Amino acid sequence: MVSHNMYQVQKLCRHALWLERGGVRASGDVFEVTQAYLAWHERRDAESREQARAARLDGARYRVERLRLTPSSEDGPVRISPGDPLRVDLDLRSPDGRAPQALVGIVRADGTPVYGVATDHDGVTPARVDDHGFIIGLDFEALSLLPGSYMVRAHAMDPEGLRLQDTVEQEFTVAGRSRSLGLIELPHRWRSPGDPDA
C-alpha cells in the first residue's frame with residue numbers, strides 16, 4: 001500500500017517504508033516510521049514560524065540561559081513513554097536583579113499548543129542564585145501524551161509577567177504504540193447496553 005494517510009498505514013500495516021527523493025529515509029516498525037514521518041512534517045511546517053519568533057526576540061532582556069530536560073539524552077531528543085515523568089529545569093537571567101517570570105509550554109513539533117503554565121499563575125517565584133541569576137524547576141509527574149514528537153518551550157517574561165522576553169525550545173519524543181487520535185490519552189471505558197453500569 002502506498003499512502004500519505006498515516007492513520008490508514010498504522011491500521012493496515014505492520015511495517016512501513018518512508019521514501020524521500022528516491023531513497024529510503026526510514027524503514028521498520030509501522031509506528032516508529034509513521035511517527036518519524038509525521039514529526040518531520042510538523043517540524044518543517046514550524047521552521048518559518050520559529051525563525052520569525054527568533055527575529056522578534058533578538059532584543060531580549062530577561063533570558064532563558066539554559067533549559068534542561070530529565071531524563072536527558074546525549075544522542076538526539078529525549079525519549080520517554082506515555083505516562084512517564086518529565087522534569088524541566090530553567091536557568092534565567094535578569095538584567096536588573098528582579099526575578100523574571102517563567103512560562104513553560106508543551107507543544108507538538110508543528111507548534112500546536114498542548115499545555116502551558118507560568119510561575120505567576122501558580123504564585124511561584126524563581127529562586128535567586130546570584131545578583132542576576134535565577135533557577136526554577138517544573139515536574140510533570142505522568143505525561144499522558146500520545147506517541148509523537150513534542151517540544152518544551154520555555155519563556156522568560158518580565159517580572160510583571162506581561163511581556164515575553166526570550167524563548168528557548170528543546171525537543172522530546174514520546175515513543176510507543178497507539179492508534180488513538182489527538183494529543184493526549186484520556187482515561188476511558190466503552191459501554192454497551194448489556195453492561196451492568198450502562
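Reply: A contact here means heavy atoms within 4.5 Å of each other. By that definition, residues 24 or more positions apart account for 64% of the contacts in the protein chain with a separation of 6 or more. This is a predicted model, in which local features need pLDDT of at least 70 and side-chain atom pairs count only at pLDDT 80 or more, while totals for chains, interfaces and linings use all residues. Residues are numbered from 1 along each chain as its sequence is written, and side-chain values use heavy atoms, with hydrogens and water left out.

The protein chain holds 2 helices and 11 strands; these are DSSP runs numbered from the N terminus, helices (H or I) having at least four residues and strands (E) at least two. From the N terminus on, the order of elements is α-β-β-α-β-β-β-β-β-β-β-β-β. The C-alpha atoms fill a box of roughly 60 × 55 × 30 Å, taken along the principal axes. Of the 198 residues, 38% count as buried, where buried means under 20% relative accessible area, exposed over 50%, and partly exposed in between (1.4 Å probe, protein chains only).

The sheets themselves now follow. Strands of a sheet pair through backbone hydrogen bonds, either parallel or antiparallel. Two strands are taken to pair if DSSP finds at least two bridges between them.

Glycine 105 has arginine 153, in E10, as its bridge partner.

Another open sheet is formed by 4 strands in the order E3-E5-E9-E8, and its pairing is antiparallel. Strand E3 (63-70) and strand E8 (127-128) stand at the edges with a single partner strand each, so one side of each is left without a neighbour in the sheet. Strand E5 (residues 86-93) and strand E9 (residues 133-140) pair in the antiparallel sense over 8 bridges. There, the bridge partner of aspartate 91 is isoleucine 135, in E9.

The loops between strands also deserve attention. Proline 71 lies in the loop between E3 and E4, and the peptide bond from threonine 70 to proline 71 is cis, with omega near 10°. Arginine 21 is placed in the loop between strand E1 (15-20) and strand E2 (23-29). Although arginine 21 is not a glycine, its phi is positive, at about 50°. With a relative accessible area of 84%, arginine 21 is exposed.

A last point concerns the start of the chain. Valine 2 is found in the segment before helix H1 (6-12), and it counts as exposed because its relative accessibility is 85%. The C-alpha atoms of valine 2 and valine 114 are separated by 31 Å, the two residues being 112 apart along the chain.
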